[in-house]
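Please read it alongside the sequence and the structure.

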Protein chains: 2
Amino acid sequence: MAKNSYHHGNLKNELIEKGLEYIDRNGVESLSMRKLAESAGVSCAAPYSHFKNKQDFLKAIQDYITERFMDVLTAAAEYCRDRSRLLIELGISYVRFFYKNPLYYSFLFNRNFPDLETYSPFLFFRECVIMTLGKDLDEDKLRYGVIALWSMVHGLAGLITVEGLIDPEHIPEEIEKILTTVDIRR
Amino acid sequence: MAKNSYHHGNLKNELIEKGLEYIDRNGVESLSMRKLAESAGVSCAAPYSHFKNKQDFLKAIQDYITERFMDVLTAAAEYCRDRSRLLIELGISYVRFFYKNPLYYSFLFNRNFPDLETYSPFLFFRECVIMTLGKDLDEDKLRYGVIALWSMVHGLAGLITVEGLIDPEHIPEEIEKILTTVDIRR
DNA sequence: CTTTAATCTTATCGTTGTTAAGATATTAAC
DNA sequence: GTTAATATCTTAACAACGATAAGATTAAAG
């Protein structure tokens, strides 16, 4: 909070928070820098003291969501005592994250799809697959298996909002059934 | 072609074609109705005689691409003589379609994700899975298997543009290896 | 206290989607 | 074939948008 009304004091963070909230509610399509500035009580040009342009602003929000996403994944891995269920639990957390905030999905993966080789959630997931199946599979199978599993979980997360396809009441069980339908150990 | 310069004669189709071309080259983000109208040699208000608004126009393009997508899938199924390879061939065609036109993917599946229960490519894919695996699997396994496979192929198509992950030179072989890494019959 | 840098406002620009009112050509009715 | 109705286009205008420049205000550094 600023003492006076000229300097806001915490504009950068407030813009990011308000932006997050807006995207969660309405999607990124109709997000406007001007409306955001107004709702923060500053002029329409003020945001450009903190962000180079709109894309730069959206990138900041994207990074923030990705961090939250990573938190969920690492927490799921940490609280999973049964090693054999690690990938299942990861998948459930993955899908559930985007089920709770469906509009984040298209926002994250539509504009500038992240480079997987430097995308922390993917790298973490790959480590988990290696930890779980590394001893059962040769190098090739492992490589293709990682891609196959990631694709499936990622694709699945994109489908969760489709009505009727997956019962929202039973996300964990449904996800588990879907994921255990396939087997990459053979 | 119109005789005079006042009436264009084929504006609706030309706009769709020009729009397709633009999205293929630059993505939908920067597409502008005005520039499109100008490139077609008409005034900026002319397109609104044929489309209610921009979203209505994009929907028309979306439908057109989906038709082309369906053509590719049905052709792949038709030319596949070996029944046991049907799903593999479908997956390869699916991924290859979006590899050839990467920007179509985010355009199609980002705005207004299609309702799968009425989405012809998905319905067709489901029929193919039932044809291929229906006798091996019970109802539940079939249901979850369809979702799992579709998710994987769909997610895979979204990852193909990521450099290094899949070698563009060997799309069919790579896709086949990835898809055959998993087994839903068990 | 003075200087420097960060942050904000005001004013303005070009671009966009969209609509209204009217002009022109095509089609249908008679 | 002339007229009436309809489809299609133009011109003009509006509000909203992203962005920038120039200058005001405050905070930080010396």
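1. In this predicted model, a polar backbone atom of H8(B) is 3.0 Å from a phosphate oxygen of DNA strand D. Chain A also approaches the phosphates of DNA strand D: a backbone N or O atom of M33(A) lies 3.0 Å from a phosphate oxygen, and a polar side-chain atom of S32(A) lies 3.3 Å from a phosphate oxygen. A polar contact is a pair of N or O atoms within 3.5 Å; within protein, one must be able to donate a hydrogen and the other to accept it, and residues adjacent in sequence count only if both atoms are side-chain atoms.

2. DNA strand D is surrounded by 26 residues, the closest being R34(A), K54(A), Y6(B), S43(B) and H50(B); a residue counts as near if one of its heavy atoms lies within 4 Å. These residues divide into 11 nonpolar, 10 polar and five charged. Here Ala, Val, Leu, Ile, Met, Phe, Trp, Tyr, Cys and Pro are nonpolar, Asp, Glu, Lys and Arg are charged, and the others, Gly among them, are polar. Helix 2 (residues 33-39) of chain A gives the most to this surface, with three residues. Of the atoms of DNA strand D within 4 Å of the protein, 56% belong to sugar or phosphate and the rest to bases.

3. Between the protein chains, 35 residues of chain A are in contact with 35 residues of chain B, contact meaning heavy atoms within 4.5 Å. The two chains bury about 3,300 Å², with 60% of it on carbon and sulfur atoms; this is the accessible area (1.4 Å probe) lost on being put together, summed over both parts.

4. The rule finds two salt bridges across the interface of chain A and chain B, each a side-chain nitrogen of Lys or Arg within 4 Å of a carboxyl oxygen of Asp or Glu. R143(A) forms a salt bridge with E174(B), where the closest N and O atoms are 3.0 Å apart. On the side of chain A that touches chain B, the largest share, 13 residues, comes from helix 7 of chain A; helices (H or I, at least four residues) are DSSP runs numbered from the N terminus.

5. 100% of the interface residues of chain A are also interface residues in chain B, so the copies meet through the same surface.

6. On conventions, residues are numbered from 1 along each chain as its sequence is written, and chains are lettered from A in the order in which they are written. Local features need pLDDT of at least 70, side-chain atom pairs count only at pLDDT 80 or more, and totals for chains, interfaces and linings use all residues, while side-chain values use heavy atoms, with hydrogens and water left out.

Technical notes: Helices (H or I, at least four residues) and strands (E, at least two) are DSSP runs, numbered from the N terminus.
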